[in-house]
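Dear colleague,

Please find below the structure that I am handing over to you, together with its sequence.

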Amino acid sequence: MIEKKTNISAMTVLILGLSTIALPLYLTIVIAFKQPTEMTNSISGILSLPKTWSLNNFREAMEITDFWNSLKNSLLITGLTVVLSIVVHSLMGYALGRNKAKSKFYSFVYLFIVSGMFVPFAILMMPLAKQTAELGLANWFGVILLYVVFYMPMNVLLYSGYLVNIPMALEEAAKVDGASTWTTYWKILFPIMRPMHATVAVLTALAVWNDVMTPLVIMAGSGENTLPLAQLNFQSQFGTNYNLAFASYLLSLIPILIFYVICQKQILNGVVNGAVK
Amino acid sequence: MKRRNGKYLGAALCGAAAVMALTGCGSEADSHKTEIEIVQYKPEAANYFSMVEEEFNATHDDIHLTISSPNDAMTILKTRFIREDYPDIIGIGGDINYSYFVDAEILMDISDYEGLKNINQGYLNIDESLELVPTEGIYAVPYVANAAGILYNRDMFEEHGWEIPTNWAELNALCETIEAEGILPFYFGFKDTWTCLAPWNSMAVDLAPADATKQVNRGETTFAKEYREVSEKYLTLLQYGPDDPFAYGYNDACTAFARGESAMYPIGSYAAPQILSVNPDLNMDSFVMPANDAAEGNTLNSGIDLQFSVLAGCKNKEAAYEVLNFLYEDANIQKYIDAQTAIPCKKGDFALPSILDGMTEYIASGNMTDYPDHYYPSEMAVDAQIQTFLLKKDVDAFLQKFDTDWLRYNRDIIRLVQDYERQHGNAD
Amino acid sequence: MKNERKRTFLLITIPILALFICFNTIPLIRGVIYSFTNFKGFGSYDWVGLRNYADLFTDARVGRSYWFTFKLAVVTTVVVNVLSLLLALALNSKIRAKSFFRGAYFLPNILGSLVVAYIFNYFFTYILPAVADMIGIDALRTSILSDPGSAWIGVMIVCAWQAIAMNTIIYISGLQTVPEDVYEAGGLDGATGWKQFKHLTFPLIIPFFSINMVLCIKNFLMVFDQIMALTKGGPAQSTESISYLIYNNGMSGGQFGFQSANAVVFFIVIVIVSVAQMKFSGKKEEQL
């Protein structure tokens, strides 16, 4: 293929758009380093650099949130949710995506599950708090299980949508070789859906990583915190320590950013291109 | 292949569930000690309470105390209630949630608790009036209160020789004087709707009967009648604030006042820590909102900020009382007051924070009235209605909506009150 | 052979469906039951029949929240899709520092809502009016968040700012599935720029367009975090979304029963909207 030149207009759009991200990010970083006494309501005040670049805010924020412990819980919950989501939701997406066009049953199940996306969490909250307690699931495992259910509608929609692009011919070829449907799925389809796995992973991880309500309601009173739960420590009705809060948010942003960078390579490597079409 | 994979997954899930269920129950502390758990709703006081917890456990062999100060404690408490997982003691505010909890019979009658004798009668009365219908028994021990009025910049006042106003006319004159000197009299943070309630409450206690809501519930009066003067005077107050008060939040207003951008800030004592975090050197004091035309008509707006209730399901009442005794020791209360700029509900000689200097007279004489909004159901969003009113400046429409909404949101409570009245005759 | 396939699909579907029913449908049904009571969220309650539903249709506040939510959802959906498609095309084209840009444009999605709220509040309250003052735009001299007429625009901007990242990723993954030879063939026909996009690229990424539409409907019709962080429903209750009302009055307030009824009606409305929308885009897909 011929090397094309850099697309100038695309670069211009991107750089212009970048300013809408750079300014907030700059403010976040600057505020994270400032002291409460440096906060003002004037524009020059907010834009100015902190008097000293000390890591004290970060240290204090880590102490208040019990950072390593909360991080461990967050990583555990997010990691397991993502893995389970990819396995469970892709299977479900496969079963429904391949059958919903022909079978009334599967088409109903598909709509039934996808419409679950629009159930406001607030209505489920009370009943779920009760139900998880009855089942002995008022802990991080219960939280993970709920996430797998909550994100099922969106992910099933994504997977079954993606499957439309994967021709049946691939499966049929494997079947001729005598492989069972189950084997064919894991050997052929699952790897092909890699870009979609990455998309689902990013979507799910992001939603789980920032979620406050589910752990708040389900793990209430268990004494364990996730990062967003611990970060609530910085705000109360009558006062918010923005400097510590911003420092803490910057810290918790790093793991998910790394995760995204890894996943986006998968999304964009576009294995599908060669394999399918 | 297929079967095995599926089985593994299933087995893994079941196994993990079983492990969790086991560990969930296995974490009880050693069985000789009585466990007492407190959940209190002020996360900003978490440090104080972990200190109390530590000291209590160090001095008590028979009781093990755990205090948690979670964020969004109300949500946590409500979800724990629904799964019937009750702590032994809860620390909440004296507001409508307390009224609901008493009504739901979640709390224990603690009339036999000795420590109640040392509590200011005024605050016990507040708790009693918070009950939706008169209920036999006492359900909470008030701990600390806060007060709302007007915070002022003491240095600025001394520099210009301004006097503390004692009635409505003087307050207006003062604002005119301040404005004439090119200084902004008030700052408001009305973008955060709840702050609209601060001036409202402190004016309403001066101008409307303390039990206005109960009178309305009994059908004896209307808000259109009781709240007209408050509403009109609020609009006057608004003129002395910033041009666009709805652009600024609570935090902006605290920062602005701390930086000397206004001479006064009508808010509660609870704002002091936030203001001082921006400017630790600010010399500020407070005075009672002089909304009444006559100085004698004014009263301090003060309500219970934190109180402790033993839950009906608590199995070790004695141990719970022991914990309460410790919490209500003078030295501990003093530490709380110092850390949170609060007013003690216990009788005795406590050193009050200096920002309450201008209110001590009222506190000492007990001339205090509870926050009217503690009687408003939160879902009626009176704060947002006041914000709407301040934007549209239409007194009649506001009051009319207040009355109709009140009847709608309090339908069940009004029916409860009417049933009670029918059964007990018109006791009041 | 056929049977084996059928059985496998059933073995996959049934357990997962059971899990879903257990933690979604059953609690939902319990919630629906509460909608016929005056349950406050704790303590005892009475059956009130259809009172909550009757109230719902006479409650001006609920009506306003529907209007606000749908207005916000429609406008934000359009804005987000146009911008993220543009961004995706740009990010997918031959540019320098591709990874850097892709990382940077993802950032808005992961900044916590407290940070986003603080920064944008500051922007709308202080920075934008000052800039408007400098260049002389009267309309923007006061904070757009302080005016009940314009506050929704502020919410819209923040929602769009945050959502564009995710939609862009999905469009990019869509663009990845468009094989190079389509462009090469198109190039021979002389299709470039807008024409190339309209006739070659867009039809091929229609499935991703549908995904994004559903994503937008879900995110914006159920908007909650941004409201909570940015305006808390104000000023003058002009930015109360339906989800905000359900949470705020149902959970924090004592209206659990009534707001359950609201949630039930809202759920039915959304399902109707999205089924219609899916049918529509499904037809589009078939046509192409």
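This is a predicted model: local features need pLDDT of at least 70, side-chain atom pairs count only at pLDDT 80 or more; totals for chains, interfaces and linings use all residues.

How many bridges join strand β5 of chain B to strand β7 of chain B, and do these strands run parallel or antiparallel? Strand β5 (residues 150-153) and strand β7 (residues 262-265) of chain B are joined by two bridges, and the two run antiparallel.

**Chain B as a whole**

Chain B contains 19 helices and 11 strands. Its radius of gyration is 24 Å, close to the 22 Å that the globule rule gives for 428 residues, so chain B is as compact as a globular protein of that length. The C-alpha trace of chain B spans about 80 × 60 × 55 Å along its principal axes. Of the 428 residues in this chain, 49% count as buried. If one takes the contacts in chain B between residues at least 6 apart in sequence, 80% of them join residues at least 24 apart.

**The two domains of chain B**

Two domains are assigned in chain B: domain 1 comprises 30-147 + 304-365, and domain 2 comprises 148-302 + 371-423. Their C-alpha centres lie 27 Å apart. Where the domains of chain B meet, 19 residues of domain 1 are in contact with 26 residues of domain 2. On the domain 1 side, the elements that give two or more residues are α5 (121-130), β4 (141-148) and α16 (360-365) of chain B. The largest share of that side, three residues, comes from β4(B). Sorted by class, the side of domain 1 of chain B that touches domain 2 has 12 nonpolar, five polar and two charged residues.

**Where chain B meets chain C**

Which elements of chain B give two or more residues to the side that touches chain C? In total, 29 residues of chain B are in contact with 27 residues of chain C. The elements in question are α1 (2-26), α3 (73-82), α4 (96-103) and α17 (382-392) of chain B. Of these, α3(B) gives the most, with five residues. By class, the residues on the chain B side of this contact divide into 13 nonpolar, seven polar and nine charged.

**Chain C**

Chain C has 13 helices and zero strands. Along its principal axes, the C-alpha trace of chain C spans about 75 × 75 × 30 Å. Buried residues make up 49% of the 288 residues in chain C. Among contacts in chain C between residues at least 6 apart in sequence, those that join residues at least 24 apart account for 70%.

**Chain A, and one residue within it**

Chain A has 15 helices and two strands. Its C-alpha trace spans about 75 × 65 × 30 Å along the principal axes, and 51% of the 277 residues of chain A count as buried. Of the contacts in chain A between residues at least 6 apart in sequence, 79% join residues at least 24 apart.

Leu203(A) is found in helix α11 (residues 194-210) of chain A. Is Leu203(A) buried or exposed? There are 22 other C-beta atoms within 10 Å of its own, and a residue is buried if that count is 20 or more, so Leu203(A) is buried. Leaving aside neighbours within four places in sequence, Leu203(A) is in contact with Met154(A) and with Met166(C). The C-alpha atoms of Leu203(A) and Asn155(A) are separated by 8.8 Å, although these residues are 48 residues apart along the chain.

Yours sincerely

Technical notes
Residues are numbered from 1 along each chain as its sequence is written. Chains are lettered from A and ligands numbered from 1 in the order in which they are written. Domain bounds come from an automatic or database domain assignment. Two residues are in contact if their C-beta atoms, placed from the backbone, lie within 7 Å. Helices (H or I, at least four residues) and strands (E, at least two) are DSSP runs, numbered from the N terminus. Ala, Val, Leu, Ile, Met, Phe, Trp, Tyr, Cys and Pro count as nonpolar, Asp, Glu, Lys and Arg as charged, and the others, Gly among them, as polar. The radius of gyration is taken over C-alpha atoms; the globule rule is 2.2 Å times the number of residues to the power 0.38. A residue is buried if 20 or more other C-beta atoms lie within 10 Å of its own, exposed if 12 or fewer, and partly exposed in between; C-beta atoms are placed from the backbone. Two strands pair if DSSP finds at least two bridges between them.
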